[in-house]
Amino acid sequence: MASHDAHTGRSAGLFANPGTSSFTDFLGGYSPDLLPGSRSLPEGASAGDEIPHGTTIVAVTFPGGVVMAGDRRATAGNVIAQRDVEKVFRADEFSAIAVAGTAGLGMELVRLFQVELEHYEKREGRTLSVEGKANRLATMVRGNLAMAMQGLAVVPLFAGYDEARAEGRIFSYDPAGGRYEERDFHAIGSGSVFARGSLKKLFRRDLSADDAALACVHALYDAADDDSATGGPDLARGIYPVVAVVTAEGYRRLGEDEVGAVARAVVEGRYDAPGGPTAPLR
Amino acid sequence: MPFYVSPEQQMKDKADYARKGIARGRSVVVLQYADGILFVADNPSRALHKISEIYDRIAFAAVGKYNEFENLRLGGVRYADVNGYQYDRRDVTARGLANVYAQSLGTIFTETNKPYEVELVVAEVGEDAETDQIYRLTFDGSVADEHGYVAMGGQAEAVAQSLKERYVEGAPLADALRSAVRSLEAQDSERRLKAESLEVAVLDRNREHRLFKRLPAARIGELLGPVDD
């Protein structure tokens, strides 16, 4: 169709190369400056601490779905850049994505991924499999490798409901685009070490959706307890973690009231036991 | 040595050619109803769609040659997604999309030997019936702003005439669907359309986020009610 596209000005290229159903691939040819990975950075510069970073994300599976939660803090060096930032998002009807690392690039990655999934769905008339979505995300993370090497790393966590297996699944990534499927639960970001330790003791195979959400909020509390870059529930301002549940019914973000009640219960429980719930020793 | 053909004759021949191609196919109707915009196609295929989602509030319906309107549909999805990504989801409009299609169809009609044998509707559902937008595009790139209802495809005139008699402003979904189906049956006196041979979708302003929804055959049958022979 190139012959007529030459005359249509702004719409040139829209009808060319009808083969690809990937929005990112199309944009790479049509308007590459819109893609995060194709930007060049000055040699040797390191943006490091100046730019806000998002921190801890946790995800927990339960029979019939998966819960994902993130704290609300973004930090730039020792400064709290934002105390109500959102890092957990709806990717499509049956999946959620969250990002840790350079906040600006992370938001861009999420937006691009959301369009990528919807674009595929509209063009092909079907949704991608969970693995297909996870692989697509890996390619997009890999595109950001050059920036990651200069201190602008972004790492997502992906959780989806697998309709074929009727279960929730979690995928983690490294900055080079490595994709790893996680069993049971996972955490990423600066407070992830503490969150993962916490989840290790709280996780059961038979959690309900509500209990999985509670475990996530506990894990985020533990992360905030020991990591200065992770924000705990802010009862004074009414800022609570973002918690999303993905099941056969689709993606649902818990309302402020629901999360508020969970967060208050967690904080109140900590007055008696600052370490949180204990696991049986024997 | 080719004969000289005047530009008038050339355009007329192309237009006749395109019209004939479109008239061979079955019809599609688009009409406003109480909760938004209803699309009904006489199309028994479950895989090859004549009605599709373009964006949150925008849908596309087409008649004519499948590979040609499919190419336009894919381009439209790209247009919408690029603009929504670059600006904001609210900045993607049916008017903008209709312009892109008009440019593209107009150029193809004048510059190439074979015009596209297609006719399209691009519709956007608004906050209320007043702000709904329906654009009809023909093979030569002309755009018409329509209100209420549109019929296109083979026997479009008979269908439009029948629709004119039946169309009621602000009708509920079941009534609007019944009028649409009865009108499509006007394509030919013997024609009786069952739920399985219809492709039906709505842009329902009461839905959230993505307002486009296909209706499965079971739901169509339910809305049409018992068949009166």
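Author: By class, the lining of the second largest pocket has five nonpolar, three polar and seven charged residues; Ala, Val, Leu, Ile, Met, Phe, Trp, Tyr, Cys and Pro count as nonpolar, Asp, Glu, Lys and Arg as charged, and the others, Gly among them, as polar. The model is predicted, and local features need pLDDT of at least 70, side-chain atom pairs count only at pLDDT 80 or more, while totals for chains, interfaces and linings use all residues. Residues are numbered from 1 along each chain as written, chains are lettered from A and ligands numbered from 1 in the order written, and side-chain values use heavy atoms, without hydrogens or water.

Reader: What volume does the second largest pocket have, and which residues are closest to its centre?

Author: Rolling a probe the size of a water molecule over the atoms shows where empty space is left. Here the second largest pocket holds about 330 Å³, and among its 15 lining residues A:Arg90, A:Gln114, A:Glu118, B:Arg89 and B:His209 are the closest to the centre. S6 and H3 of chain A and H2 of chain B each give two or more residues to this lining; helices (H or I, at least four residues) and strands (E, at least two) are DSSP runs numbered from the N terminus. On a 1 Å grid over the protein atoms alone, a pocket is an open set of points with protein on both sides within 12 Å along at least five of seven lines, a cavity is a set where a 1.4 Å probe fits but cannot get out, and lining residues have an atom within 4 Å of a point. Points are joined across faces, edges and corners, and a volume is the space filled by probe spheres set on them.

Reader: Which elements line the largest pocket?

Author: The largest pocket has a volume of about 960 Å³, and of its 27 lining residues the closest to the centre are A:Glu121, A:Thr127, B:Glu53, B:Arg210 and B:Phe212. Two or more residues come from each of S6 (88-92) and H3 of chain A, and S3 (51-55), H2 (66-86) and S10 (212-215) of chain B. Its lining has five nonpolar, six polar and 16 charged residues.

Reader: At what angle do H3 and H4 of chain A pack?

Author: Two packed helices are described by the angle between their axes and the distance between the axes. H3 (residues 103-124) and H4 (residues 130-142) of chain A pack at about 140 degrees, with axes 11 Å apart; axes are lines fitted to C-alpha atoms, for helices over the stretch in contact, and angles run from 0 to 180 degrees between N-to-C directions. H3(A) and H4(A) are therefore oblique to each other, since angles under 35 degrees count as roughly parallel, over 145 as roughly antiparallel, 65 to 115 as roughly perpendicular and the rest as oblique.
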